[in-house]
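Colleague: Could you walk me through this model before I set anything up?

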Amino acid sequence: MHKPMEQYKDMDAQLIDEFGRGNEAAFDILFTKYNNKLYASLLAFTKSKELAEDLTQQTFIRVWKKIETFRGESSLFTWMYRIAINLAKNEFNSKETRKQVLTDVIEDNHEIASSISSPESMAIEKESMDAVISFISSMQSDLKEAISLREFDGKSYEEIAQITSSPVGTVRSRIFRAREEILKFMKEEEIYG
Amino acid sequence: MDNKERLSAFYDNELHEDSSDLLQLLQEENSLSKELKGYSLISSIMQQTRFSSPQHKANTKLKINLITHSFAAAAAIFLTLGFITFFNPAKFDYDEKSSQLLADAIASEEGQIRLNQDQDILVDHLFRVMDERNLNTNMSPGWVPVGFSQNKEKPAIFSNGPKKFVLHVENSNVSLTKPIYWKKGNNLVYLHPTTDGKIITVYGNIRPAEAQKIVFSLKR
């Protein structure tokens with residue numbers, strides 16, 4: 001049984017609190033959770049891997065500096081995404097100054113930037129990514145369907161439950177099992193781990 | 001539900017319970033932290049593969065009149081950003097109002113859909129139009145719609161006092177076969193294809209019928 005919302009802080013809010021108290025590991029967890037989602041969003045906007053990577057890093061630098069201003073009125077991802085979109089829009093409006101701005105920002109924030117890595121998949125070869133996708137294609141259909149609806153289509157568990165006529169708990173379990181199987185494959189193939 | 005399954009739900013923002021213990025474990029146990037990074041990596045691989053797939057590239061030959069949700073989503077974001085860019089003297093900045101407007105657009109169902117569809121060309125088009133340096137009204141030099149006056153500094157903007165609109169004409173690879181518009185509140189973005197392969201884009205706080213009238217007057 002879920003507790004009423006008032007009785008607990010969600011994990012993102014707890015991580016923000018911890019980061020505010022000086023626990024930088026809390027920021028690492030938020031970064032791990034959101035960096036690839038932001039990168040994918042920025043890639044969709046910019047169509048440039050390099051630019052999306054630059055903007056992802058800039059976004060996290062801003063988030064690092066401004067997180068105490070996050071008031072929880074939207075989800076953390078929406079707030080981060082707003083920052084990312086603003087940076088992307090500035091990019092559209094001032095392409096000719098982009099490189100200099102990026103250089104300045106990153107140099108000014110060298111200490112922060114050095115702790116923020118690029119999306120990890122950048123380091124993975126295309127062949128390995130193809131192998132992972134091929135493995136996903138071969139997975140049990142209910143697991144493949146659940147993880148695809150989540151990762152490709154961004155559906156919520158509730159939406160996936162409706163689409164697949166399954167309980168939300170089953171959806172959660174299927175997505176988890178799909179991730180476990182994919183990670184197991186990636187470890188066996190020495191792609192990750 | 002074991003801790004790894006809870007972690008998977010947390011990663012998806014679907015863990016609706018007290019998670020203090022999980023947070024503690026996540027910071028203490030390297031294996032859980034590594035698991036979370038693995039989930040992130042899976043997301044990245046799936047999303048990047050999607051963006052680079054031949055299917056994705058093929059889908060960018062836009063069938064705009066068939067996929068209205070995505071157009072609506074792109075237009076929602078465009079209207080929010082575009083209006084701030086053009087009609088807010090302070091331009092787009094982190095002021096509370098514009099932030100909230102943008103948050104609304106992004107958080108909307110349409111905004112979420114936009115992230116997951118293949119409407120890249122349309123989004124490109126809208127963002128290009130949003131950059132005022134790209135605006136072109138040269139299809140009919142000297143033309144001004146009846147009742148409106150042209151902004152001297154920004155000739156793409158026309159106003160009659162309470163109503164304002166931006167006009168842009170370009171050769172476009174947005175494969176529209178018929179006019180299409182999207183409305184958010186009093187704001188409208190209207191795309192009109194011409195027989196010679198151009199797209200006329202009108203957006204502002206005008207009604208669809210007014211936009212259509214403006215386009216017909218321009219074409220004459």
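Colleague: Which residue is the bridge partner of His168(B) in β6(B)?

Modeller: In β6(B), His168(B) has Thr201(B) as its bridge partner. This is a predicted model, in which local features need pLDDT of at least 70 and side-chain atom pairs count only at pLDDT 80 or more, while totals for chains, interfaces and linings use all residues. Residues are numbered from 1 along each chain as its sequence is written, and chains are lettered from A and ligands numbered from 1 in the order in which they are written.

Colleague: And how do β3(B) and β6(B) run?

Modeller: Strand β3 (residues 164–171) of chain B runs antiparallel to β6(B), with seven bridges joining them; strands here are DSSP runs of E with at least two residues, and helices are runs of H or I with at least four, numbered from the N terminus.

Colleague: What about β5(B), how many bridges does it share with β6(B)?

Modeller: Six bridges, again in the antiparallel sense, link strand β5 (residues 187–193) of chain B to β6(B), and Tyr190(B) has Val202(B) as its bridge partner there; two strands count as paired if DSSP finds at least two bridges between them.

Colleague: Switching topic, what is the average pLDDT of chain B?

Modeller: Chain B averages 67, and 51% of the residues score at least 70, on a scale of predictor confidence in each residue from 0 to 100. Over residues 53–71 of chain B the pLDDT is below 50. Where pLDDT is low, the predicted coordinates should not be read in detail.

Terms used
Two residues are in contact if their C-beta atoms, placed from the backbone, lie within 7 Å.
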